[in-house]
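Subject: Structure handover

Hello,

Here is the structure for your files. My notes on it follow below.

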Amino acid sequence: MNVSFVQAVPLLWLVGAVALELWGTYLLKLSDGMTRRLTGAGGVLLVMGAFGALAQAIKGMDLSVAYAVWGGVGLVATAVIGALAFGQRIAPAGWLGILLVVAGVVALKLM
């Protein structure tokens, strides 16, 4: 697969958007409903940064693909983080839903 620098830049912005979203959401959970204000403010700033990075990504790629990848990867990674960091469990039906989201993102990218 040969990807030029011009094609890689939007992808890098998208990876950054996903990372910022995950860290922001993690901090929001740690903020305990914003009772830990500094942690909550950090989470909000990171989520805002995620939207900024997503805005940069969609300058060079299809909106539908960028948003689907951002949302899909965010959903799966957040579920894993919730399980590992907070002991949250997902019912089998929930895993089926996550699988359907991933399948939808893959289908969208292939079309």
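The expected span of a helix is taken as 1.5 Å times one less than its number of residues. Helices are DSSP runs of H or I with at least four residues, strands are runs of E with at least two, and both are numbered from the N terminus.

The model is predicted, so local features need pLDDT of at least 70 and side-chain atom pairs count only at pLDDT 80 or more, while totals for chains, interfaces and linings use all residues. Residues are numbered from 1 along each chain as its sequence is written, and side-chain values use heavy atoms, with hydrogens and water left out.

Overall: the chain has four helices and zero strands, in the order α-α-α-α along the sequence. Its C-alpha trace spans about 45 × 35 × 20 Å along the principal axes. Of its 111 residues, 22% are buried (under 20% relative accessible area; exposed is over 50%, partly exposed in between; 1.4 Å probe, protein chains only). The accessible surface (Shrake-Rupley method, 1.4 Å probe; for residues, only the protein chains shown count as cover) is about 7,400 Å², and carbon and sulfur atoms hold 73% of that.

H3: this helix has 24 residues and runs 32 Å from first to last C-alpha, close to the expected 34 Å. Its buried residues are Val65, Ala66, Ala68, Trp70, Gly72, Gly74, Ala79 and Gly82. They pack against H1, H2 and helix H4 (92–110), where contact means heavy atoms within 4.5 Å. Gly87, with a positive phi near 65°, follows H3.

H2: the end C-alpha atoms lie 30 Å apart, which agrees with the 30 Å that its 21 residues should span at 1.5 Å each. Gly40, Gly43, Val47, Ala50, Ala53, Leu54 and Ala57 are buried in H2. They cover an arc of only 140° around the axis, so they sit on the same side of the helix; the arc is that of the directions from the helix axis to the C-beta atoms. These buried residues pack against H1 and helix H3 (63–86). The face turned away from them carries the exposed Arg37, Leu38, Leu45 and Met48.

Surface: Met34, Val44, Leu45 and Met48 make a nonpolar patch of about 380 Å². Patches take residues with over 30% relative accessible area and no salt bridge, joining like charges within 9 Å and nonpolar side chains (Val, Leu, Ile, Met, Phe, Trp, Tyr) within 5 Å. A salt bridge is a side-chain nitrogen of Lys or Arg within 4 Å of a carboxyl oxygen of Asp or Glu. Met34 lies in the loop between helix H1 (5–30) and helix H2 (37–57) and counts as partly exposed because its relative accessibility is 39%.

Regards
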